[in-house]
Structure formats: C-alpha cells, structure tokens
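The stops below can be selected one after another.

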Amino acid sequence: MDTQHLLVADPAGSIELVPLPHPPQDVTSFAELVAVLGPEREVTPAGPPLRGPGQVVHRVRGKVTTPSSSISDELRPLVSTALDEERGGPVPLERAAWCRAGWAEQTAAWVDEVLAQRGEHRTGRSTVLKSWGLSQVERIPTSNGIRYLKACSPLFAHEPVTTAWLADAAPAVVPGVLAIDEARACLLMHALPPAMTAMTVEQERLATCTAMAQMQEAVAGRMNELRASGAPDRGLSSTSRELVSMLQNGLTAGHLDGRRHRELETGVQRALVLLDELADCGLPDDALVHGDLYPANVVVASSGAVIFDWSDACLGHPVLDLAHLCADRPRTARPELDWNAPWVQAYLEPWRAGCAESKLKRALELADVADLAFQAVTYERIQASMEPDERQDPDGGATARALGALVDNLPAR
C-alpha cells in the first residue's frame, strides 16, 4: 500500500508534511482528508494528489504551524512539483478553478455580497466538504441558517443556470437557489430538508419516482427553455455516436488487447441496435433527464422527495433515470423494474398518454441498456475533462470497465 502524506503549503513559502494513517475512503471528501490537521486549521484545496513509486502526496494551501525541515528522497520530487506550482509555475489547463490561488477569497467576497443583499451574514467560517476535479461544495453558517456553495467544473458549467431554472419550475422537488454566478459556475443554495427516518428502500424509491413524474409534468412543453439553460442534448443518437468514438479514439482506445477490443466492439454494435429499437418505442428522446438519479442524490422529506446534484442534467431518454435509480443489485434479474411495481407505475405515469402500453413495456425492458450506455459516455467525458493526475485510471482501464458493464449486461437475445 502506498504511503500517504498531506502537504500544507504556506503562501509565505514554508511547508508542512503530515503523515496520513490511511488513504481517504472517499477521494472527493475534503473534510475527511484534512481531519488529521484538527478542526481549527483553515486550509483550501491546492490540486490533485501527486503520485510516485509507493508514495502519494495530497496537497492543500494554508498556514503552516510546524514547518518541515527535512524531506525524504522518496517524497522530494513530489514536494518539489507542488512547490513549483505554488510559486507560479505552470499548472495543467484542466486544473480546477477552486484549486487556484485567489479563487477562495474572490468567491467568498461574492457570497458575502449575496448574503448582505438578503440581510444575512456569516456566523462562522465555511467548511469545504467535498472537493475534486468536477466540483467543490462548502457549508456556510449564516444568520438565517445553513447555506451551501457549489462550484462546478467547465464540463458541468451549465449546472447553476439549469438548477435555478428547475427550482423555479418545480420548487417542491429541487433545492432552492439563492443566487448563481455564471462566470464562476457557482450556485448558492438553501440547505436540504431533513430526511424522514425508518423508510424502506421501496418507500424511498416510490417517493423519488413520484417526484420525477412531478418534474416531468412541470417542465412539459418547455424543453427549449431547458436547452437554453445550457443543458446538453444527450439523446440516444448522440449516445450511440459517442460509444463508437470511445472505442475508436477515446481514452480506452489503444489500451485493450485484441480479444477484449473485439468483444467490446461486437457488444457495442448490439447495444446500438437495441438503442435504435428503444428510440422507436414512442417516448421522447429529448425529455428532462437527471443523469445520476440514485439514492445519494435524493432526500425524502415529509413533503416528498427532493432531488439534487443536477450536474448531469440534460435532454435525453427518460427511462434511463428509472434504471439508474433501481440499479442497487446486479443487472440480471430485475424485480425492481417489474412492470407492476408501484414506483415503476408512478415513474411512467407522464408517458402513458403518448405511448402504447406494449411499447412502454419494451422501453422498460431496454432501460438498463439506455442507462449503461449513457453512464459509459458520461464516464469518458468526466475522465477526459480531468487533469491526468486526477484521473482514476490514466491508462483507460476505467472507461473500458464502463463499456464492459454495458456489454456484459446486455439482455439475452
């Protein structure tokens, strides 16, 4: 196992290396990463981890309390790279804005301005909860309750505008948005409502599907507005094109042995046929899609389900969200997608009038194909957007596994 360290870099030039007892369980959890420093230390992200033989150096920016006077030979190259960047050296173009010097102060000033306009003020310092190449989330205590700041990467730069539009269209289902900053791709939000306790998976699933049906009804006929918010078109034809591109020239290309490449190529071709069949089922291919609808992005409150994290929001095929929500077991036998399941009936309610029941049932049978194809393309997009040091698998193996999940879970002929 690699030895883990946390490097604190002070703007004045000093550094502090703190051993970490184990790797962070959640690579996106900034709060978990910096817990070793204690609750009083105020630090901000400085970039993705740096990796060398047997060593990982996580890095943050902040005041040093115990300067490190010596650095081991194994760590010296990684520390040198981090310090070169801190002192004005070049950084990868993909480096997240919130990891760049000055971003935290500028964004905090914007938040304070928004709060002042609302007659609010901070009652404590912000806590960075999550930080990685795609987003950063901060918890901000204020005189009027907890607020959350989310900053989005260029890949998901539409999220603030799209979320604000959705919150206006369906305020009972989407968290309230206080303000957005399009230039920084930031949104300031209300806290989520408290979740109900002692609910079964089936009850939560029904509440979520009911909420998504409400969303679809609320935005019916307004897809041009959704598109104008920046939400991309990711229908079945777009997904099919990108699947082919992944095998030809994506991150996966060139990193597969000939046999596996042929297996994936054959499987993708069969998936394309099934996606074409799904397109003929009669459901719209430009409906509102959440794109990552699963329990961690839903709070079921006393008033119903509230759905958040609309990074992947787009126009696409609606059945993929249902499949993704229900994907809590291997995608073989799928009783959770049974036609008579109450959550399935609730989810499909907005689409009954325009689609024959036999076609709707076939669309349900193909929902996993739509979701797995969509997720494979999403994964490729995410990995390609990150700087190389932050990619989970720089040699393309991770995207190959996403394609494999699609191919290996195709329905029986």
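Predicted model: local features only at pLDDT ≥ 70, side-chain atom pairs only at ≥ 80, totals over all residues.

Begin with the open sheet: select its five strands, which follow the order S5-S6-S7-S9-S8 with antiparallel pairing. Strand S5 (127-131) and strand S8 (177-181) are the edge strands; each has a single partner strand, so one side of each has no neighbour in the sheet. On average, neighbouring strands of this sheet are turned by 20° against each other, direction ignored.

Next, select residues 145-152 and 186-190. These are strands S7 and S9, which run antiparallel and are joined by five bridges. Zoom in on Lys150 to find Leu187 of S9 opposite.

Then select residues 159-169, helix H4, which lies across S7, S8 and S9. The angle between H4 and S8 is about 150°.

Stay on H4 and show its side chains. How many of its 11 residues are buried? Eight are, so H4 is mostly covered, with buried meaning under 20% relative accessible area. The buried residues are Glu159, Pro160, Thr162, Thr163, Trp165, Leu166, Ala167 and Ala169.

To see what covers them, display S7, S8 and S9 together with helix H5 (201-219), helix H6 (223-228) and strand S10 (287-289); the buried residues of H4 pack against these elements.

How values were computed:
Residues numbered from 1 in each chain as written. Heavy atoms only, no water. Pairing = 2+ DSSP bridges. Helix = DSSP H or I, 4+ residues; strand = E, 2+ residues; numbered from the N terminus. Axes fitted to C-alpha atoms, helices over the stretch in contact; angles between N-to-C directions. Contact = heavy atoms within 4.5 Å. Buried < 20%, exposed > 50% of the residue type's maximum accessible area, 1.4 Å probe, protein only.
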